[in-house]
Amino acid sequence: MPGTLKVKVVSARGLPVMDRSTDLTDAFVEIKLGPEGQKTDVCKKSLNPQWNSEWFKFEVEDEVLQDEPLELRVLDHDTYSAHDAIGKVYIDLNPLLVKESPSIISGWFPLYDTMHGIRGDLNVIVKIDLFSDFNKFRQSSCGIQFFCTPEVPAGYRLQYVHGFVEELVVNDDPEYQWIDKIRTPRSSNEARQRLFSKMSGQLARKIGLKVLEMGGGAVIGYQQCFDLEGESGIVIRGIGTAVTLVRLRDAQASPLGMSPLKDSPLQEENHVPSPPPSKKERSTTSPMKVAGPTNRRSSDSDTSTTSKGILICADEVCWIIGNSVGESSGSGNGSVSKNCPRMCSQQVNIELMEFPLFTMTTFPPGFITHLGGVVAARSVKLLDKIHNPEEPETRDAWWNEIRTELRSHTRAMGCHAVIGYSEQTSICDEIILLSATGTAAKVNLNLDQNQSARQAPSLPTGAGDKNTFLIDRDQNKKLFVDVNLANQVSQKLGHGGSTDDVSPRVNCGLCHIPYKPASSPFPINLTQCSSCKKRFVPDVLFTTINPPAEIRTIGRGAFIQARVCRPKGDGKADANAKEISDILPFLEYELHNQLINKLKVRSMNGLFKLQMQFVVGEKMLVAVATATGAFLAPLPSPPVPRLLGQIPSEEENVALQELQLKIREQLQQYKDLYQLNTIDFANQTCQSSVHTDDSDDDTSDLDFSTGNKDTFVLEVDDTRDSSVKAMLSDIPQPAGMQVCNTSTMPGIPASCLVANMQMFTQVFRRQLDSSQQGLPKDFSEIFDSVYRRLYFKLRRMIPCLLCGLSFSVGAPEEDEIEIAVTGMCVAIEDNNSHNSSLTETPMTGASSKSLLKPASSSVVGASGENIDDMMFTMEEVMEGSAASANKGFKLRKENVKMKTSQVFSHQVINSIEITPMTYVPGSRIERYIGSYNFFFIRETSSLKEVGGVCGFMQKFITEVLAIVRAHVSSLGGNALVAYNMTQCVLLNNEHKNQSQCLINVCGDAVSATKDGEVIALVPEVPQPHYRKHSDSPSSYVT
Amino acid sequence: MSYVDVFVGNYIVIDFELYDLWLNGLPAHECAVTLQQRGVLQSTGARFDELLSDTKDSFRLYASLEQLLKCPTKFGNQSVYQIDPETQKTLIDKYYKSDDVVIRELLGRKLSTRNRNNLDDVSEKTKVPLRSCCRQFDNVKRVFKTVEEMPGSLEKNIKTLFCLSSDKLAKKYAAIVFMTNHRFETTKKRLSHLTFDDFMYCAELMITNWSYSAAECDNHEDMDVDLDRSFLQDLRELKILTDKQHLDEHKMYVMNSLKTSLIKKKHSSLEDNYKATSKTIISLAYGLNHSKEVRNFFSDVIEEVIEPFMNTGWTYEDMKTFLQMYKDAGVRLSVFRTLPSLGIVWERYMNTFINCCLKLYHT
């Protein structure tokens, strides 16, 4: 699809004074796309020039449109010397290339200069005319939609999941080229910014091609990362999940006639992992490797990797089974093939996909059938050993190696997919630490299939495993009701964004172990599921995904963070890499221990959205794990932590007693805080009925008497043990403030989230006492400070929920730690009446439903039938809940709207929301306009004058947000969801009065309507509303 | 020590308690101490460290917002800060809010850099922090420079150009600009008892009645920073009243009508001083043509009109009756019958003059 790009430069405002003698500016604009450039006339002597230019036309290939951003540069005309740069605007043209999206970009764009920041705004209109081109060999992938949103976008239905897509692009870093020595900082920064922008375009195009090849139409959960490798170049990596989406609005959307079967399973699988050119060959001994045969390598072998290099596996075992330790063994091999459900193979066959990796974190109901636990793989590599740094092969091989490792862990767990998958790097000089994390799971890819089965209800009977699954679900249903009647506990309520037409149902099957207890690959404590009493569940369940709607949780969620910092020597190259890989398992173990302890002291048994970050510093290694804990109803209630220690003296004994007392107090406090006082009761019923329901499966093989399940024993050698201290020393959040890193909080219904109040970014950098003793104390002190500041800053927003909290830790200098926190402060409303309703539909899901009233009501009914077909009972519950959701919906909406206006009347009417979540509370996402990826560089050589490094950073982040808002608004949007600050690199040189900072942000621009307008507006009407304002997004003052 | 510590939100949220302290010009640390003393920390359980960090953070924000505050119309053309209109309004209003005591000191001063550097004494005298005095000085100067040469209503200009939401504030600045423009002398010792409110009242009256925006003026095009030139021309005509014949006629009317309302002693003292008083009032009128005399208007009024009466123990009420009679009697003069236009000028002058006089008549 080659096309004609048309650009009109209308005017500028608020330009800086460039001519001291007149206090005015003679401005003109250069418009560039790729190598081609044009320019406007000079508008003499004005700070608010009006050009009203004719349409500048660029006739280009779509490859260029995808790769190159449109570059507008405002300059001050100078007759005698070189023109002075005022500022630049980069416009990503990709949103114009998608059919459904707007065909025009128009609005005020801040003029950004890497040395001076924002200097005025430029008003531009950009249009595009595309011609169709059916050339088979084209290099472009126009029309593939990218969503940063790690779930099915609101307003869409997931039709097919094609699998994992990845790509990486390598280039030289302009900062490290010889020319950088002679050019100005400005041109160097601009060259870099342009390159980043171009690479990111290329990357997306290449991924798009892969998606096309797979027969998909969109990428969701798209993650893009920059690795600034220094001398060896810049790497941009992109991963995502290729899917086919159907717009829900057009009910007659015919299924795209693309069968994923005819395509090769996975692009990724085709790569033959070439042996990495890396250095050391050793398998690491992890401290967890106490029991079990350690022939992990053998289990790897059939995935055809020769695992070289230093591969550190996060012992996946640890992540799921809590205090029992073990090592995955080859025995997993057998169970996998047995346990892999044979999905009805007409459409998608999970086996063909060979352990797919899904980057989504929230899934449509029914997608996940079992959750295994967190799997992770890490590897330390040396950048200076890359043979030809300009080529991506080496890095490709690295990542393949890691992914293969991860897949083998997954298989050992009896799972066949990885969900909530993400990748990360940490670079320090020539060392690069690569990590991949995800949750091993069994999934059901044939969601759509289930629905089409309605029309043709001849379900293949051979799908044995599927049948058991259904039975499973069925019994859960029964139990779900029982539990609810009996316990009267508040129910775990919907998550954001499930737009699937099946209303979320509680299903304890997700928590059941995905392998047979007898063939469990490692020693593990198993209990019977407290919900169905049929299957086995682990003691604790760690996941990297948002809480699925099917898992019932009790009480509220808790923000849990574990962090470890270890000093390391400052060895060089090989020695350094060796040391790091030696320390890694210990870090991992300690991190895990902390998580477990913190979880136990909160009486919880599950972790969601576990995000781990490992950072290599010059003299230390840092690991931070962040998650949201919850009490999962199917899992056994956690034992009370009890201290145990060798007591050498009476004093110590007293101290120990005191500590025990403290833990007890803390335990009770937390129980109150997270509303978990009902659990003990639940637990008792559970315990008593353990052996009664022991009917199916070969469960009797398992020995329940091993291990004491009533107490969780903490061994302490020393009463000043840091692990115990860490467990107790979390900074309590102020009353009325809830914190989580998931997109919704377990235990707080989505309807209680009234409105977004503030999206915040906090950057905190501090020096550490790098001595052996001082380090841990200083380290935790830093985090405490961050929390305290956050809580204090947001104290006026109470009652509120801080959600989507994301930590990014860095070790920029030898003895420095930098923490960047982003998150969203959402107003909550304590509404007890919500406890009574069983089914809470999440905001986005609910709203999309209301949108599609005719279409969706039929679907809801149909899903009820579906259940009828497959289950024996329970249709009342289903229909009842669905109906109540539908009926109660409008009422609740109105309710919410009214309260919103009361509480938040102060918010700007034309404001642009930026949120790390996938939804906007109190609003409904109307359409997705395009995903955006911004890369900014800002430098100053007059640090003192701009208010020091703090002033510099504050200004820069403010400007970044402003530019993001302007771009969203120019597309006719009013919010950016799934916002993520993927990179924030600050280089500071106070002695030279210089500072440089790089920030990369991304997200999905959307147009959302306030719930108030839902009732007023007919959904079919297009939204001219926001368009109108887009020209003057901030004209608050007349 | 931490050296990067910033917090940035998508919306600009202002803690106005802190903002007020910033406007007062307190340095961040002192400000945090003040807040601590007010018990901010008790309710939140935070430590001083967080309070200080928050304060510094906010102060940096305010400092960068100050660029916009100096020219508030820019708020409409900027996209850097996402501020809701309500907050924006409060920000501006508070920024331009001034202390009457400080303004009183600034009145009559030349708005020069030299004077700005000498604000220490103002600060000392008014007990307002120096930084705040400087801000107020700068505000006055900025407003003055902006509207000085601008046609149209002074108040309206100020209100729109500085996005002020309250009329009162705009009026205040209008009065200040007016007074500064005419460089009214206000610093003399005998004027020291007058407050800013007194001057503002008079200036406002002058703007509404004597300037180009007055109802009597046909030419509204011009600036109301200046007095209506044709009115000033007309005022010269009033000189005729100082002619003996008219003076006596006027005196007769006044004395007669005051016979009942004034006690004898006061009546006779007026009898003695009438000529001088009347001459002063009229010379003040035609003196308005000379900028030097305009400048001394207030001190002249005090010295030549108010003080003599004060010294003879006249009350405010006495003064009011006298001036009212003086004006009314004037209208009945034969001169005005022959020159009706003069009557309008007389009324226009006297109404404002009386009100000013009475306002300044502190007993």
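Two strands pair if DSSP finds at least two bridges between them, and strands (E, at least two residues) and helices (H or I, at least four) are DSSP runs numbered from the N terminus.

I'm working on a predicted model, where local features need pLDDT of at least 70, side-chain atom pairs count only at pLDDT 80 or more, and totals for chains, interfaces and linings use all residues. Residues are numbered from 1 along each chain as its sequence is written, chains are lettered from A in the order written, and side-chain values use heavy atoms, without hydrogens or water.

**Chain A, strands.** I looked up S7(A) and S8(A) and found a hairpin with 3 residues between them. S7(A) and S8 (residues 117-130) pair in the antiparallel sense over 9 bridges. A:Asp113 stands opposite A:Gly117 in S8(A).

**A:Glu190.** I found A:Glu190 in helix H3 (residues 185-214) of chain A. A:Glu190 is buried, at 7% relative accessible area. Leaving out residues up to four places away in sequence, A:Glu190 touches (heavy atoms within 4.5 Å) A:Arg73, A:Lys88, A:Tyr90, A:Asp113 and A:Thr114.

**Chain B, helices.** I checked H1 (residues 16-23) against H5 (residues 85-96) in chain B: they pack at about 25°, with axes 10 Å apart. H1(B) and H5(B) are therefore roughly parallel (angles under 35 degrees). Residues making the contact include B:Phe16 and B:Trp22 of H1(B) and B:Leu91 and B:Tyr95 of H5(B).

Definitions and conventions: Axes fitted to C-alpha atoms, helices over the stretch in contact; angles between N-to-C directions. Parallel < 35°, antiparallel > 145°, perpendicular 65-115°, else oblique. Buried < 20%, exposed > 50% of the residue type's maximum accessible area, 1.4 Å probe, protein only.
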